[in-house]
Amino acid sequence: MQVNFYGTYRQTAGIKQVEFNLPAQSTLRELLAMVVQKYPALEHEILDSKGNLFPYIPIYINGRNPRLNLGM
């Protein structure tokens with residue numbers, strides 16, 4: 001799975017794009033855990049105290065925002 005960083009997240013991660021090898025049925029939570037493990041400085045910028053992605057963080061899967069389908 002390819003992850004692109006934009007804006008301040010790119011500056012914090014120090015990279016524009018990174019690839020993670022995940023099984024096809026992996027969840028977003030599993031991907032975020034890998035992102036935070038590789039780039040620990042991002043944890044408090046993208047996750048709340050419960051480990052949930054902040055609602056203002058943009059997420060796109062195959063060019064689509066999955067939150068629109070969930071009514072978020």
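Reader: What covers the buried residues of α2?

Author: This is a predicted model, in which local features need pLDDT of at least 70 and side-chain atom pairs count only at pLDDT 80 or more, while totals for chains, interfaces and linings use all residues. Residues are numbered from 1 along each chain as its sequence is written, and side-chain values use heavy atoms, with hydrogens and water left out. Helices (H or I, at least four residues) and strands (E, at least two) are DSSP runs, numbered from the N terminus, and buried means under 20% relative accessible area, exposed over 50%, and partly exposed in between, with a 1.4 Å probe and protein chains only. The cover over the buried residues of α2 includes β1 and α3 (43–46).

Reader: Why do the buried residues of α2 lie on the same side of the helix?

Author: The buried residues in α2 are Leu-31, Leu-32, Val-35 and Val-36. They lie on the same side of α2 because the arc that they cover around the axis, taken from the directions from the helix axis to the C-beta atoms, is only 135°.

Reader: With which residues is Val-35 in contact, leaving aside its neighbours within four places in sequence?

Author: Contact means heavy atoms within 4.5 Å. With those neighbours left aside, the residues in contact with Val-35 are Val-3, Phe-5, Phe-20 and Leu-42.

Reader: Is Phe-20 buried or exposed?

Author: Phe-20 lies in the loop between β2 and α2, and its contacts beyond four places in sequence include Met-1, Leu-31 and Tyr-39. The C-alpha atoms of Phe-20 and Val-3, which are 17 residues apart along the chain, are separated by 7.7 Å. Because its relative accessible area is 5%, Phe-20 is buried.

Reader: Is Ala-24 buried or exposed?

Author: Ala-24 is in the loop between β2 (17–19) and α2. Because its relative accessibility is 78%, Ala-24 counts as exposed.

Reader: How many charged residues are in the lining of the largest pocket?

Author: On a 1 Å grid over the protein atoms alone, a pocket is an open set of points where a 1.4 Å probe fits, with protein on both sides within 12 Å along at least five of seven lines, and lining residues have an atom within 4 Å of a point. The largest pocket is lined by 25 residues, and α2 gives the most to this lining, with four residues. Ala, Val, Leu, Ile, Met, Phe, Trp, Tyr, Cys and Pro count as nonpolar, Asp, Glu, Lys and Arg as charged, and the others, Gly among them, as polar. By class, the lining has 20 nonpolar residues and five polar ones, and the number of charged residues is none.
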